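Have the structure open as you read along.

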Amino acid sequence: MPELPEVETIVRGLRKTVLSKKIKSLKIFPSRVLHSSPAFLKRNLLRQRIQEINRRGKNIIIKLSSGDLLVIHLGMTGNLFYLNRPAFMGKHDHIDLEFSDRTHLRYGDIRKFGKFKLIKSSQAIKEGVLKTLGPEPLEISRDDFVQLLQKKKGRIKSVLLNQSIIAGIGNIYADEALFEAKLHPLQKVSDISRNGLIKLHQAIQKILRKAIKAGGSSVDNYRDVEGEPGFFQFYHKVYGREGEPCKRCGTKIKRIIINQRSTHFCPKCQKKN
DNA sequence: ACCAGTTCCTGGCAGC
DNA sequence: TGCTGCCAGGAACTGG
C-alpha cells in the first residue's frame, strides 16, 4: 500500500523517466478512480509537457506546462508504470499517456481506491484535497510537531493515520514509528509526555527516511515506476509480524484492531502509562 | 464538533 | 477441483 516512502519513490522515478516529455495521445478506460471526465482530460492533457513532479502527503502532483495540475492518489493498489514500448491495456489499467518519444505512463488500480484528477491552475488554490492535508512529517520541526500533537485528542495511532493532522503516514509506518518510539498505539495523545512526542518525531523521520532509501515496502503489490519492488518490508519490526518475537526483547508481537485497521506492537516494549 | 462505524473494491487464501 | 466467505485498508461518508 503506497504511503509516503512509496509515493516519494514513485515521484523520483517519474522525474527520472517522464519529466519534460510531451503528451502525444491518451487512452482512457472510465472507472470510479477517474475524478475528471474523459473529455476534460483529453482537452487539458493533450500536447502538454510534464513540467514538475512533486509529492504532497500520499498524493502525486504533476504540473503541466499549462499550469494545470494532475493529482494522483494511489489508494491501496494504485500503480504508475513507465513503459518504453506500447503494451496492451491490462484488466485494471485506467489511463495510458503516450509521450511524443513513444514512451508511455500507465495508471492502473486493482481495487479502485485511488483517484486521478485534473485541476485547472485557476482552481488549484481553492482545491480542497490538498488544502485539508496536515504538514509533511519530514518537514515539520520538532517543536511544531510537539505543539501540533499536544492540541489533539484521541489515540496516537488514529492521530498518525489522520491525514488532516499529518500527511503521508499510513498503517505500516504508523506501527513502525510507534514501535521505534516505544509508544503504545492505544495511548491517548494527551497522556504522552513532551519527551515522548519528541521521540515520536525522531522515530517518524528516521523510519520514513530509511524506507525512502529502501525504495519503500512491497508487502502487497507495490512496485515503482520501472516495476521494481522496494525492500523496506525486510526491515519491518512489527508490521505483519504477529506472533513473531520482538527484535528488541523477544516478546511475541501482538495484533489488535484500531479504527478497523490491523495494529502491530510489542506488548512489553510499548507500554501505556 | 467529534468520533466510531460503514462502505467501496478485488485478489488471494483458508476451509470444506 | 471448485466453491464460499473472509481479509487486506485509505478516505469519504453516515449516524449518534
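A residue counts as buried when its relative accessible area is under 20%. Keep in mind that this is a predicted model. With that cut-off, Tyr107 is buried because its relative accessible area is 1%. Phe116 is buried too, at 2%.

**Aromatic rings**

The model holds 3 aromatic pairs. One of them joins Tyr107 and Phe116: the ring centres are 5.1 Å apart and the planes meet at 45 degrees, so this pair is tilted. The reasoning rests on the angle, because planes under 30 degrees apart would count as stacked and those over 60 as edge-to-face.

Here are the two partners side by side:

| Residue | Relative accessible area | State |
|---|---|---|
| Tyr107 | 1% | buried |
| Phe116 | 2% | buried |

Elsewhere in the chain, ring pairs tie Tyr173, Phe232 and Tyr235 together as a cluster.

**The cavity**

How many cavities of 30 Å³ or more does the model have? The count is 1. The largest cavity has a volume of about 40 Å³. Its lining is made up of Pro2, Met76, Thr77, Gly78, Asn79, Asn221, Tyr222 and Arg223. Sorted by class, that lining has 3 nonpolar, 4 polar and 1 charged residues. Both domains take part: domain 1 (4-131) and domain 2 (142-265) each supply at least three residues to the lining of the largest cavity.

Definitions and conventions: Residues numbered from 1 in each chain as written. Chains lettered and ligands numbered in written order. Predicted model: local features only at pLDDT ≥ 70, side-chain atom pairs only at ≥ 80, totals over all residues. Heavy atoms only, no water. Phe/Tyr/Trp six-rings, centres within 6.5 Å; stacked < 30°, edge-to-face > 60°. Buried < 20%, exposed > 50% of the residue type's maximum accessible area, 1.4 Å probe, protein only. 1 Å grid on protein atoms, 1.4 Å probe; cavity = no way out; pocket = protein on both sides within 12 Å on 5 of 7 lines; lining within 4 Å. Points joined across faces, edges and corners; volume = space filled by probe spheres on them. Nonpolar A, V, L, I, M, F, W, Y, C, P; charged D, E, K, R; others polar. Domains from an automatic or database assignment.
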